Amino acid sequence: MKYITFAVPCYNSENYMRRCVDSLLIGGKDVEIILIDDGSSDRTAQIADEYEIEYPDIVRVVHKENGGVPVTAAPVVAAVASAAAAEPVLQMVEELPHLY
């Protein structure tokens with residue numbers, strides 16, 4: 001069971017999105033990461049696809065025009081900007097299995 005889903009909208013984020021995604025991957029298989037490519041013109045889409053291939057049980061990718069966040073599988077959703085690392089949020093993730 002996934003305890004939390006991170007929705008990460010990405011637009012032309014190739015220079016910094018790896019830092020964000022890598023910081024979320026620390027949650028392992030207890031988290032779901034949805035990378036939402038909002039029609040980027042740089043390598044954002046390709047980078048997102050690479051993460052989905054490397055972490056198929058954790059990362060999902062949505063390629064779309066601007067328009068919001070898709071439905072998620074976990075009961076808790078956290079939106080994280082692709083330019084940010086999510087270390088403070090991950091402290092919360094570490095406590096989640098104890099809540100269920």
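**Salt bridges and a buried threonine**

Thr5 is found in strand β1, which spans residues 4–10. Good morning, colleagues. The structure before you is a predicted model, in which local features need a pLDDT of at least 70 and side-chain atom pairs count only at pLDDT 80 or more, while totals for chains, interfaces and linings use all residues. Residues are numbered from 1 along each chain as its sequence is written, and side-chain values use heavy atoms, with hydrogens and water left out. As for the term strand, helices (H or I, at least four residues) and strands (E, at least two) are DSSP runs, numbered from the N terminus.

Let us begin with Thr5. Is Thr5 buried or exposed? Thr5 counts as buried because its relative accessibility is 0%. Here, buried means under 20% relative accessible area, exposed means over 50%, and partly exposed lies in between, with a 1.4 Å probe and protein chains only. The side chain of Thr5 makes a polar contact with the side chain of Glu32, at 2.5 Å. A polar contact is a pair of N or O atoms within 3.5 Å; within protein, one must be able to donate a hydrogen and the other to accept it, and residues adjacent in sequence count only if both atoms are side-chain atoms.

I turn next to charged partners. Side chains of opposite charge can pair when their charged atoms come close. A salt bridge is a side-chain nitrogen of Lys or Arg within 4 Å of a carboxyl oxygen of Asp or Glu. By this rule, the count comes to four salt bridges.

Glu32 is buried, at 6% relative accessibility, whereas Arg60 is partly exposed, at 36%.

In the salt bridge between Glu50 and Arg18, the closest N and O atoms are 3.9 Å apart. Glu50 lies in helix α2 (residues 44–54) and Arg18 in helix α1 (residues 17–25), so the pair ties together parts that are 32 residues apart in sequence. Between Arg43 and Glu50, the closest N and O atoms are 3.3 Å apart.
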